[in-house]
Amino acid sequence: MADAASRGDAKEAQQRESWDQLKKRIKASVNRANIGNIKDIIVELFGANLVPVYAALIAVINTKLPLIGELMVTRLVLQFRRAFKRDDKGLCISSVMFLAHLSNQRVAHEVLAFQIVSLLLETPTDDSVEVVVAFTREVGAFLGSIVPRMLNYVFDAFQSILHEDRLTHIVITRDILVMHATLSTQKR
């Protein structure tokens, strides 16, 4: 039990450090801004990973105005569906990553996360597995703490894909298998 608490503390410290780095990056960009370089600064700011910040902001707003969170999730799901039908991997990944962060903030329900994973793993391709891997990296720990049986389904699907060698090149890396082992030991 103490080991789990220390891991939680380490995770919290890592998250705090990540937020501090993002804050410093944004402040440095804003302080350098002037009329001559404003376009470059804007591009630089959009290059920063602000999705967790937006998700946290939506979570705060969602506490007072739940329709805003519902609207955001609905629009992201529609965007994901359009991107999935068009085989637009970039838009799929960005939509799914935002949904993952909204799930971590408990704005989006975990069932939605598993529906997305099920859809993508229904007929696995290199791109769909890559999207699931990215999604699982962001939301896997949260889902493992909420519904571990469903997360085991995802890792079993990864194992099946690895063993059947259905893909032209393997996009499931050791990181995922290590993450699975880590999550499995945390459950015990």
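Biologist: Which helices each supply at least two residues of the lining of the second largest pocket?
Modeller: This is a predicted model, where local features need pLDDT of at least 70, side-chain atom pairs count only at pLDDT 80 or more, and totals for chains, interfaces and linings use all residues. Residues are numbered from 1 along each chain as its sequence is written, and side-chain values use heavy atoms, leaving out hydrogens and water. A pocket is an open set of points on a 1 Å grid over the protein atoms alone, where a 1.4 Å probe fits, with protein on both sides within 12 Å along at least five of seven lines; lining residues have an atom within 4 Å of a point. Helices (DSSP runs of H or I, at least four residues) are numbered from the N terminus, and those giving at least two lining residues each are α5, α6 and α7.

Biologist: Which helix gives the largest share of that lining?
Modeller: Look along the lining, which includes F84, K89, C92, L119, D127, S128 and V131. The largest share is 3 residues, and they come from α7.

Biologist: Let's turn to α5. Which elements do its buried residues pack against?
Modeller: Buried means under 20% relative accessible area, with a 1.4 Å probe and protein chains only. In α5 (residues 89–104), the buried residues include C92, V96, F98 and L102. They pack against α3 (51–64), α4 (66–86), α6 (110–122) and α7 (126–146).

Biologist: Which residue just after α5 takes a positive phi?
Modeller: Step past the end of the helix and check the backbone. The phi there is about 65 degrees, and the residue is R106.

Biologist: Leaving aside neighbours within four places in sequence, which residues is I41 in contact with?
Modeller: I41 sits in helix α2 (residues 38–47) and is buried, at 4% relative accessible area. I41 and S29 are 12 residues apart in sequence, yet 6.1 Å apart in space, C-alpha to C-alpha. Counting contact as heavy atoms within 4.5 Å, the partners of I41 beyond those neighbours are S29, R32 and A33.

Conventions:
Buried < 20%, exposed > 50% of the residue type's maximum accessible area, 1.4 Å probe, protein only. Expected span 1.5 Å × (residues − 1).
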